[in-house]
Amino acid sequence: MNHNFEGLNEAQIEAILHRDGPCMVLAGAGSGKTRVLTERINYLIEQGVRPDSILAITFTNKAAQEMRTRIRDMRPDYTGRWIQTFHAACYKILRMDIHLLGYERNFAIIDDSEGKTLLKEILKEERDYETKPDEVLYSIKQAKNSLMDAEKYYRNLGLPLHIKDKYYRIFRIYNARLREYNALDFEDLIILTIKLLRDYPEILTKYQNWFQYIMIDEYQDTNYAQYLWANLLADAHHNIFVVGDPDQS
């Protein structure tokens, strides 16, 4: 066995050795959450689980790289292909199947800075010199992450009618421009993956069969779209293992 449980307490070891079914681990900062996750991945592989069937989600690229490095210290041949952030995992899925949604596989990704630049251009075209791009970008992110129909989302906002109408109009122009450029923003990565999984049952089944075990770090930071995405993938086998800090929620 490659396990080294030195320095771990009974609860941590119990979490590492948890095999099948859902599990939630509540742990504070500095309590060894990353070690629990990496040791559990190592344990599952040792039990015969195919490494590529373990999907481990973190919130930062740095955290994902740290997890890969720790596991490679135990298993030098481990690729860590599916230790990813939410966005990176969705990117990999969409690269394979986004053509079903009418996009080209070589889609571009725009970050918040590029999104703000695009909104500045749109506002200039609209001769709107009062609306702040930051405010519109925030509303677009919230609308997308809600997974609601955009018109309904904006209609329900507690804002004056002319502001709601303006935000919704800019939302539609912004998305049309992204589609024209064959580009996605970070929110699109998740919501389009959800759409893909919902609209194409055979694709959902493919990834449910692929990912036999799903682990999520910093679970308290997940939004509704991320929660739904993870639960869609885990719905067939229910082998979802999440770690969170209730004090940071």
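Contact here means heavy atoms within 4.5 Å. The exercises below use a predicted model, in which local features need pLDDT of at least 70 and side-chain atom pairs count only at pLDDT 80 or more, while totals for chains, interfaces and linings use all residues. Residues are numbered from 1 along each chain as its sequence is written, and side-chain values use heavy atoms, with hydrogens and water left out.

**Exercise 1. Methionine 148**

Task: find where methionine 148 lies, and list what it is in contact with, leaving aside neighbours within four places in sequence.

Solution. 
- Step 1. Methionine 148 sits in the loop that runs between helix 6 and helix 7. Helices (H or I, at least four residues) and strands (E, at least two) are DSSP runs, numbered from the N terminus.
- Step 2. Once neighbours within four places are set aside, Ala143, Tyr153 and Asn156 are in contact with methionine 148.
- Step 3. Its relative accessibility is 34%, so methionine 148 counts as partly exposed. Buried means under 20% relative accessible area, exposed over 50%, and partly exposed in between (1.4 Å probe, protein chains only).

**Exercise 2. The chain as a whole**

Task: state how many helices and strands the chain has, and what share of its residues count as buried.

Solution. 
- Step 1. There are eleven helices and seven strands in the chain.
- Step 2. Of its 249 residues, 50% count as buried.
- Step 3. The C-alpha trace spans about 65 × 40 × 30 Å along its principal axes.
- Step 4. Among contacts with a separation of 6 or more, 74% join residues 24 or more positions apart.

**Exercise 3. Helix 9 and its partners**

Task: describe how helix 9 crosses helix 4 and helix 11.

Solution. 
- Step 1. Two packed helices are described by the angle between their axes and the distance between the axes. Axes are lines fitted to C-alpha atoms, for helices over the stretch in contact, and angles run from 0 to 180 degrees between N-to-C directions.
- Step 2. For helix 4 (residues 86-97) and helix 9 (residues 186-199), the axes come within 9 Å and cross at roughly 55°. Helix 4 and helix 9 are therefore oblique to each other. Angles under 35 degrees count as roughly parallel, over 145 as roughly antiparallel, 65 to 115 as roughly perpendicular, and the rest as oblique.
- Step 3. On the helix 4 side the contact is made by Phe86, His87, Cys90, Tyr91, Ile93, Leu94 and Asp97, and on the helix 9 side by Phe186, Leu189, Ile190, Leu192, Thr193 and Leu196. By class, ten of these residues are nonpolar, two polar and one charged. Ala, Val, Leu, Ile, Met, Phe, Trp, Tyr, Cys and Pro count as nonpolar, Asp, Glu, Lys and Arg as charged, and the others, Gly among them, as polar.
- Step 4. The axes of helix 9 and helix 11 come within 10 Å and cross at roughly 35°. Here Ile190, Thr193, Ile194, Leu197 and Arg198 of helix 9 meet Ala225, Gln226, Leu228, Trp229, Leu232 and Leu233 of helix 11. This contact has eight nonpolar, two polar and one charged residues.

**Exercise 4. The nonpolar cores**

Task: name the residues with the most contacts inside the largest nonpolar core, and the element that gives the most to it.

Solution. 
- Step 1. A nonpolar core is a set of buried Ala, Val, Leu, Ile, Met, Phe, Trp, Tyr and Cys residues joined through side-chain atoms within 4.5 Å.
- Step 2. The largest has 36 residues, and Leu55, Phe211, Ile216 and Trp229 have the most contacts inside it.
- Step 3. Elements giving two or more residues to this core include strand 2 (54-58), helix 10 (201-210) and strand 7 (240-244). Helix 11 gives the most, with seven residues.
- Step 4. Beyond four places in sequence, tryptophan 229 touches residues including Leu55, Phe86, Cys90, Ile190 and Leu197.
- Step 5. A second, separate core has 23 residues, among them Ile16, Val25, Leu37 and Val49.

**Exercise 5. Positive phi**

Task: locate asparagine 182 and glutamate 218, and give the phi of each.

Solution. 
- Step 1. Most residues other than glycine have a negative phi.
- Step 2. Asparagine 182 is in the loop between helix 8 and strand 5 (183-184), and its phi is positive, near 55°. With a relative accessible area of 15%, asparagine 182 is buried.
- Step 3. Glutamate 218 is in the loop between strand 6 and helix 11, and has a positive phi of about 50°.
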